[in-house]
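User: I would like to go through the aromatic contacts of this model with you, one question at a time.

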Amino acid sequence: MNLHPRVSISDLRPQLALPTCLRGAFECLWDFQDVSLDFCGPAEPVLFLQIQEEKTPPAVAEPAPPLPGGFLKQLVRDSEKETKQKEPEAKEERPPNKLSDGLLQQFLLPDQTPPLLEAEQLLHDGRASTQRPIRSPETGNGPETRQEVTPKSRQEVTPETRKEVTPKSRQEVTPKSRQEVTPESRQEVEPDVKMERSKRKQQQEEKERRKEVQQVEKGKEEVMEERQEPEGRQADASVTEVRDVWYEAGTVWFVHKEGFTLATQLKPDEGTPELPEGRVRVRLQTDGSLHDVTEDEIEKCNPAALDLSEDLSDLPSVNESAVLHTLTSRARAGMPLTHAGPNLVNLWPPMQALSKTPRSQRGESVWDPPPALEALVKRVYVSMVGSRRDHSVCVLGRSGTGKTTTSQAFTLALLRQAGATGGVSGERVQAMFTVLRSFGCVSSPHSDASSRFASVFSLDFNHTGRAAAGHLQTMMLDKWKVCQKTDGESNFLVFSQMLAGVNSAMRTELQLHQLPESNSFGIVPPTKVEEKQRASVAFAKLLAAMETLSFSAGEQKAIWHVVAGIFHLGAAGACKVGRRQFVNFDSAQAAGGVLGCDGEDLHTSVFKHHLRQLLQRATGGSRGRAAEEGEGPRLSAAQCVGGMSAGLYEELFTCIVSLINRALSCPQLTLASVMVVDAPGLRSPRHAAGGRGAAGGRGAGWAELSHNYLQERLLEQYHTHTFTHTRERYTQEKILVEVQSPEESPSDVVSALDQQPPQVRAADGDPRGLLWVLDEELGTPASSENRTLERVCQYYSNTVRQCEQPLHCEVNHLMGSDPVRYDLTGWTGLIQINLSALNALGVLQGSSIAEVKAMFTPRISLPPLCRGLGGLGGLGGLGGLEAGSQRSLQRNGTVRKTFSGGVAAARRHSQSIGVKLQADALLNLTRRARPVFLQCVSAEPDGGGGFDVAALRGQLHAAQILPALQLHRTGFPEHMAFCDFRCHFQALAPAVMRRYASMFISHDERKAVEELLEELDLDPRSIAMGTSRVRTG
């Protein structure tokens, strides 16, 4: 028997089409509001009639009179027939929504279902159609109050459990309490008992229903999101039941000004309005807030398992946020070094110590190399031995980013990897680093030992693959640092170490018992107890290092005599007005005695060098040189004393480099070399907190410009090797690769500094670099630094900008990511020829102390430009031109050729052009080697335990790490010649090996490689065959 839902007679009133004859008789039923019909079959409706009494109990309750049951049955049958005839055909069933139930259900809790999907399921099952109004029993005939019927409150009507619902309370009645109203069996129930029982049951079930409704509604609010509208659009208040559905599309990086944040990208479901084109919606995982951003503000995120990836090129998504997240994650985990394709990135300083990390950023102890550096060392060594070709490792980055520490760790790891024989060993190389630290580094705000010279250390390997010899070459020593005081920086470390650690006998010999109160060079002994102890320990290590490098006692004595003489010259000072003479004659006498020179001779060499010119003119000696040098502008007393001190220190540093090379040299025949290039990092007053970078402070000087220029030249070499040469090789090999070089290049800044004018009829309007303009203006009468600055800013207005303060300009270093402000005040005095500095070598060679005279007597004949450069460009110290091995002689020949041909021959006495020549010499040493670059990045803290992301972005952009990674991933970085490829891999294909086994027959190598590749069945997308080489990606 089919069951039909129970309906109220009032609901059927507008739907029943009664005959006219029966309509009058049926009107009496409309007054019975509490009448319901149960359809037990298609033609057997049963009418149940109940009349509820009013709230006020009547005096006598009488039951309703019985109605004839047959009459109602016939009436319902007739009405059903007429209704079926007038009803239209059944509507077609609505097709289901395209959105599958599983896609929407997975974003909800397991026991909850959205209202729309629930209603659709109930329609399909035939359980319910619409929500029916529920009349409140208190309002009577007043307005109806509707309540939503939840799925938990619906019950299926069955013959066993059928409940009768009254119109006023809509309570369900169990079958036991239901009584059919029929003429045969009708029982009268007492009104008081029935009303009381109904009220109790009504109250109990009403409480349960309300509790269930509240629980269901609460769960729905947790699952269903509120209606989300894009930014700038208000939600429609009239539509409350329609809610937008957004599903998670993946994890992304939301890029903003302060850094990047992990977020979840949301996409609209079917039926949800789309966002405007080019905009996406994300939900931040930090606070759960929603943001509508542009597509450029989000970047793909890599899986969390790759946060500590050792190689950035292995990341599925290579973008700025992903690279920075990987670098910072590895730095927090104590792994500051990360591979970036063929190169290496160093995030300095490391947050956690791996093993023997130095106490300071440039400490004396050695930083044990992490696994990433060990892997790079092994790769470079294997490539060098296999190809028998020179390799170079160049360290780039700002000052204070651990470049010297990283290069030293690489050198020592390479020695342990290959082994050593002959004169070179790990102890001697470590001793060399200790000596260079004392004589070539200063203390700065960002480092305890900041380098002030550039070096190229070469390890030569013999036919067995072991290191046989070492060769050190230095250039661009900031010799004027000896006589200049800079806020926040000390003098060279050797002075404080000597004053704190020298023994009593040597102190007496060097006249250091009674130290003067002031020193014009800023050389003062340490005052704090900790500083004294640290300096004494460093001096003891320096003496031990000299012993390891086989410095004799006489050589060590000569070194300390020169250092003490410079200290006494600083204590002697110079008069600022009047005659050019010393201020403290006692200190001047002490300086002459320590240097082995009479006081009058020292005074003449420092201040009366014009007498030497008069003597040369009278005797006719050195006419050519005197004519070329000229008298030049008259020097002040301070310039004369500073020039003598700078010349003495330059000669001392050059001699120390020669002694180091003597200890590391070996006459064995070597096959290949690995050169480690360490240059001073880019310096800017803004990098030093509270230093010269403050508003209204003094800008960078001449030494900073020279070292920053060298960094730009090295960065230009990196750009040329990574992008320009790679694109040219692909074009030459006829390999189609989408190579996109960066739009910006360091060549713009390099041209603004060293652009050479046309050699034939150069007009004033032709652009010239700053170094050339300085050289021209120096020889022009009545010229000044202001005229120099105006010309440079006129030629290169996009790169060099003139500031509001006089003689101040700003150069866009590192492709504009790190502009540096320079102060040109006093540059003319630094780059002009200082005759006092030229007389320094004569003072040492004419010393009355035998050890000093023997140490500085030249052993070989060197051109003037090659021995210390005579203070060229205010920077000297080109050492390492005395060596005995074959490779060392070849490198010395490269340097001599750079300083003796072309422009150097015409401008050999130009001070500013000497800076360009030294940079050319350094690059010529490594031009034919296969380079590997170590990018050092400064990890500045942001105060909250993280990193300064803005600073990291600028350094990442300057290093061009992202374009290099993308080129490495899309191209074919590894390549081999056809014959080498066949010889290496033909053992994997015996058939090809037998076919091309004969060594006396010339083979078609390209055809052999094609057969080998076909036999090996390799992926053709990972291999590209050019005209002469096989490339793999």
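Analyst: Rings of Phe, Tyr and Trp (its six-membered ring) are taken to pair if their centres lie within 6.5 Å, with planes under 30 degrees apart counted as stacked, over 60 as edge-to-face and the rest as tilted. The model is predicted, so local features need pLDDT of at least 70 and side-chain atom pairs pLDDT 80 or more, whereas totals for chains, interfaces and linings use all residues. Residues are numbered from 1 along each chain as its sequence is written, and side-chain values use heavy atoms, leaving out hydrogens and water.

User: How many aromatic pairs does this rule count?

Analyst: Applied to the model, the rule gives a count of 12 aromatic pairs. For Phe582 and Phe607, the centres are 4.9 Å apart and the planes lie at 75°, so this pair is edge-to-face.

User: Which helix holds Phe607?

Analyst: Helices are DSSP runs (H or I, at least four residues), as strands are (E, at least two), numbered from the N terminus. Phe582 lies in the loop between helix H14 (553–572) and helix H15 (585–595), and its partner Phe607 belongs to helix H16 (residues 599–607).

User: Is Phe981 buried or exposed?

Analyst: Phe981 and Phe985 form a tilted pair, with 4.9 Å centre to centre and 50° between the planes. Buried means under 20% relative accessible area, exposed over 50% and partly exposed in between (1.4 Å probe, protein chains only). Phe985, at 30%, counts as partly exposed, while Phe981, with a relative accessible area of 7%, is buried.
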